[in-house]
Each structure stands twice: as C-alpha cells, then as structure tokens.
Amino acid sequence: MEYVTLRNGFKLPMIGFGTFPLKGEELESVLKMTSAAGYQLYDSAFLYKNEEDIGVCLKKGILKRDDVLLTSKIQGIQYTGRRRCLYLDRISVKKAYRLSCRKFNTDHLDLYLLHSPFKGYAKAYKELMTLYKEGKVKAIGVSNFDIGELQNLYKECGEYPMVNQIELHPFNTMKPIVAFCKEHGIQVEAYSPFGRGNLVSEILNNPKLKEIASVHGKTVGQVVLRWIVQQGIVTIPRSTNAERIRQNLEVFDFFLSDEEMNYIDSLNQNKGYGAHFQTK
C-alpha cells in the first residue's frame, strides 16, 4: 500500500473501500473479504444507512478498529433537521458526529466530511473545524464541492478543507477541480472510479484500455485505478467479488506511460452522476 499525507500530517491509504450501498449480511460478508485483503480505509455516510452495520462488524472483530480508518459524512437533511428523520430540532455537527460514533461502535472517526454543499454548509464546516480542533477527528473535509464552493468555504471559514471527495473516472476526469485542489493543498479522493450505470461497462470494455491492460498484465479495472493513484489521488472502489477486491489493491507494482495516461485523460466526456446528488 502507498499513502498520501494530508497537510496536517495525517496519512491516508491511496486505495480504500467504498461501502455504499452495502448493508446487513451482504456488507458483513464483503467486509470479511476486505479485511482478509488488507484494506484500511473504509468510506461510509449517514446517508448510506450502514454505519451501524459496520459497527456490528467492528464489535464482532471482523474489522479491528486499530487497523482501520473510518470515514463518514454529514448530510443536509441531517444537519438542518427534518421531522421525517426523527430530528425535531436543528442538529449540530457535534451531535451528528456523536451519533455516527455510536453507530460505528467507536469513540472517534478518522475522516469526517460534509456530504454536499447543502444550505448552510459554511456554518456547518465551521463546526466541523471546531470538532477537529478539539481532537475528536483526525481530518476533515467535504464531498461534491466545486471550485466556487471551495472558494466560498475559504472566504467564510478562513481555510480550505483537507479533503474533497468527488466522482472521478475516465469519462469524468475533473481536471479543473483536481488542479485547483492540488494548488490549495486539498487532497482529492475519487469515488465511483469505474463510473456508474452503463458507464461501467463502457469503461471496462474499452478496446484501448484492454490493450493497455494486456501490456501490463493487469485488468482494465487495475489500469483505471493506477491512472487515478498515479495522479496522487486517493480512490475508494467498491466490489462484492473477492478476486476483484484483492485485485483493486494490486496497482502499485506497475506504471503507466505518459502516452497511456494521456489517452485515458482523453476519454473525458464530463459524464458524472454525483456532483450534487445529495439533498441540500
């Protein structure tokens, strides 16, 4: 495994595991595979409704808390409070954090993010900063923020987030945001690295990507993940297949040439599903 160091000195594995939309027995079965494969970084969220299931796996010892880094995210409805979510009054970031910790069966989270630029996100991020300064979480950041929203966050809060988690894959390379984040010390973390829906098949069956994979003795999935991490970007692929779960970690023993990297860059079509899919 290779790691990146955030600007506060905290290290993140370059490859983690995305848990959405896994729940219950299926999630438990998959986490047994990821644990055996050696995954350390796990991504969840209030919105995914699987924090408690991950907590069960921690309690059972399927995952060992000292060996893993837990990520969760606070969502707009959760923060502002809605009766249908059983919140009768406004809920603060601290309360949301304590609730997630209780569900995870842990006393702290490692990475805590705002899930989207929901209404009042700057005020929420200030509360997140306080949580970090109090030592309750190792690192903080955002998800699905564009350049304008990152700039506004800096204007309102006086600092940029440590992490920006965005949808990034060969058909949605997000070059302007990636460049902006690198310029301002924001670590990019890519979710949906193989796209979504029909895009997954289009990417994994691309003839040129198959050719590149064959040259390196790798799968197309491994080539895509290598393209991401070779840019210095963390990624959190998800799979329920034991072989692919193992393969997704085996991307640090080869390099893509500049020509190969440029070809994958050229596939960009600005096709993304997740830019602002969360309720604001």
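Lys-49 is placed over the face of Phe-46, 5.7 Å from the ring centre, and Arg-226 is placed over the face of Phe-255, 4.7 Å from the ring centre; a charge is taken to sit over a ring if NZ of Lys or CZ of Arg is within 6 Å of the ring centre and within 35 degrees of the ring normal. The model is predicted, with local features requiring pLDDT of at least 70 and side-chain atom pairs counted only at pLDDT 80 or more, whereas totals for chains, interfaces and linings use all residues. Residues are numbered from 1 along each chain as its sequence is written, and side-chain values use heavy atoms, with hydrogens and water left out.

Aromatic pairs number 7 in the structure, a pair being rings of Phe, Tyr or Trp (its six-membered ring) with centres within 6.5 Å, described as stacked for planes under 30 degrees apart, edge-to-face for planes over 60 degrees apart and tilted for the rest. Among them, Phe-17 and Tyr-39 form an edge-to-face pair, with 5.7 Å from centre to centre and 75 degrees between the planes. Because Phe-17 belongs to strand E3 (residues 17–18) and Tyr-39 to the loop between helix H1 (24–37) and strand E4 (41–43), this pair ties together parts that are 22 residues apart in sequence; helices (H or I, at least four residues) and strands (E, at least two) are DSSP runs numbered from the N terminus. Phe-17 is buried at 1% relative accessibility, and Tyr-39 is buried at 4%, where buried means under 20% relative accessible area, exposed over 50% and partly exposed in between (1.4 Å probe, protein chains only). Phe-17 and Tyr-39 form one aromatic cluster with Tyr-42. Tyr-154 and Tyr-160 form a stacked pair, at 4.5 Å centre to centre and 20 degrees between the planes; Tyr-154 is partly exposed at 40% relative accessibility, whereas Tyr-160 is buried at 12%.

Helix H9 (residues 207–216) packs with helix H12 (residues 258–266) at an angle of about 155 degrees, their axes lying 11 Å apart, where axes are lines fitted to C-alpha atoms over the stretch in contact and angles run from 0 to 180 degrees between N-to-C directions. In H9, Lys-208, Leu-209, Ile-212 and His-216 meet Glu-260, Tyr-263 and Ile-264 of H12. Asn-206, in the loop between helix H8 (198–204) and H9, is buried with a relative accessible area of 12%. Apart from neighbours within four places in sequence, Asn-206 is in contact (heavy atoms within 4.5 Å) with Tyr-263 and Leu-267.
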